[in-house]
Amino acid sequence: MVGLKPSEVPPTTAVKFLGAGTAACFADLLTFPLDTAKVRLQIQGENRAAQMARSTQYRGVLGTILTMVRTEGPRSLYSGLVAGLQRQMSFASVRIGLYDSVKQFYTPKGSDYSSITTRILAGCTTGAMAVTCAQPTDVVKIRFQASVHVGPGSNRKYSGTMDAYRTIAREEGVRGLWKGVLPNITRNAIVNCGEMVTYDIIKEKLLDYQLLTDNFPCHFVSAFGAGFCATVVASPVDVVKTRYMNSPPGQYHNPFDCMLKMVTREGPTAFYKGFTPSFLRLGTWNVVMFVTYEQLKRALMKVQMLRESPF
C-alpha cells in the first residue's frame, strides 16, 4: 500500500471541487513546457509568411523545447502560466470535481451501477460546464504560448495576464475572450469523457477483479490509460481550437472554416500535429493530477473528520 488509505467516509462535493482544482494546478506546473511545445507545433505552418520571416522551425518535442530555450530563453516555456493556473482552478474544479455528483444525477434512482452512457453524459456535461467558466483564461493562455519574443520583430503584444484580458476585450470586444468557445466545448467534452470515463472504468475493473488495491499503482495505471485515450480522440479538435483561438480577426470565418483550410493546405495529418507532446503532456498531466487528486481527497477528508471529532 502506498500513500494515504481510503477514507471510510466518502469525500464531499466541496472536497472534490477543491482537491481537483489544486491537483490540476500542481500537474500544470510540472507539464506546462510540454503544453507550450504542443501549441507551437500545432500552429506551425498556418502562416507561411510569418514562418519564413521568423525562420524558426520546430521539430519534435525536444527540438521545440530546445529551440525555444535557445532563441527566447527558458522563461518562454512558462509563458502564459498565470492564465494556465487560473484556467485549471476554474476549469478542473468543475469538470473533475463535479463529475461524480453529475454521474449520480444521471444514474436512475435505486441503481447501484452507472452505465457507460451515464458516465459519458456526465463527462460531456461537466466538460461543457467547465468551458463556460474558463474560456477567457484558455484564450489568454494560448495567446501567450503562441507568441514569440526574440527582441525586435517579436510578436509579443501583452505586458501581462491582466493586460491581455483588457487588450483582447478592447480590440476584439468581449466576444474575443470567448473566441473558439464551440470547438473548445467540443474538445473538452471529448477530453473529459476520454479522461474521466476511462479512468473511472479502468479503476473500477482493477478493483473489481482485485488486480490492484485502491492506491497509487491503481491510480497510476488508470490515469495513464485515461491520458492516452483522451489524446487520441481529442487531438484533431485540439489543433483546430488552438489555431482558431490564436488567429487574428478575419483569418478564419469560423472553426469549420479553420478545419477546411487546414485539410486543404496541409492535409489530414495536420489534425495530429503536436501529437507526441500532446500525449506526453496529457499522459503526464493525468498521472500527476489523478494521483495527487486521490491523495488530496483523502487528506482533506481526514482533516475534516478530525475537526468534526469531539475528541
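Predicted model: local features only at pLDDT ≥ 70, side-chain atom pairs only at ≥ 80, totals over all residues.
Residues are numbered from 1 along each chain as its sequence is written, and side-chain values use heavy atoms, with hydrogens and water left out.

**Exercise 1. Describe how domain 1 and domain 2 meet.**

Step 1: Look at the contacts (heavy atoms within 4.5 Å). Here 24 residues of domain 1 touch 21 residues of domain 2.

Step 2: Turn to buried area, the accessible area (1.4 Å probe) that two parts lose on being put together, summed over both. The two domains bury about 2,000 Å² between them, with 58% of it on carbon and sulfur atoms. On the domain 1 side, R119, I142 and K179 lose the most area, together 31% of what that side buries.

**Exercise 2. Find the salt bridges that the rule gives across this interface, and look at two pairs.**

Step 1: Apply the rule: a side-chain nitrogen of Lys or Arg within 4 Å of a carboxyl oxygen of Asp or Glu. Across the interface of domain 1 and domain 2 there are five such bridges.

Step 2: Take K241 and D138, whose closest N and O atoms are 3.5 Å apart. Both residues also belong to a salt-bridge network whose members include D28, R87 and R281.

Step 3: Now take D200 and R119, which pair at 3.4 Å, N to O. D200 sits in helix α8 (residues 181–208) and R119 in helix α6, 81 residues apart; helices are DSSP runs (H or I, at least four residues) numbered from the N terminus. D200 and R119 are both buried, that is, under 20% relative accessible area (1.4 Å probe, protein chains only).

**Exercise 3. Why does the pair of E266 and R243 tie together parts that are apart in sequence?**

Step 1: Check the pair. The side chains of E266 and R243 form a salt bridge at 2.5 Å, N to O.

Step 2: E266 lies in helix α10 (residues 255–266) and R243 in helix α9 (residues 216–246), so the bridge joins parts 23 residues apart in sequence.

Step 3: Check burial. E266 counts as buried because its relative accessibility is 18%, and R243 counts as buried at 0%.

Technical notes: Helix = DSSP H or I, 4+ residues; strand = E, 2+ residues; numbered from the N terminus. Buried < 20%, exposed > 50% of the residue type's maximum accessible area, 1.4 Å probe, protein only.
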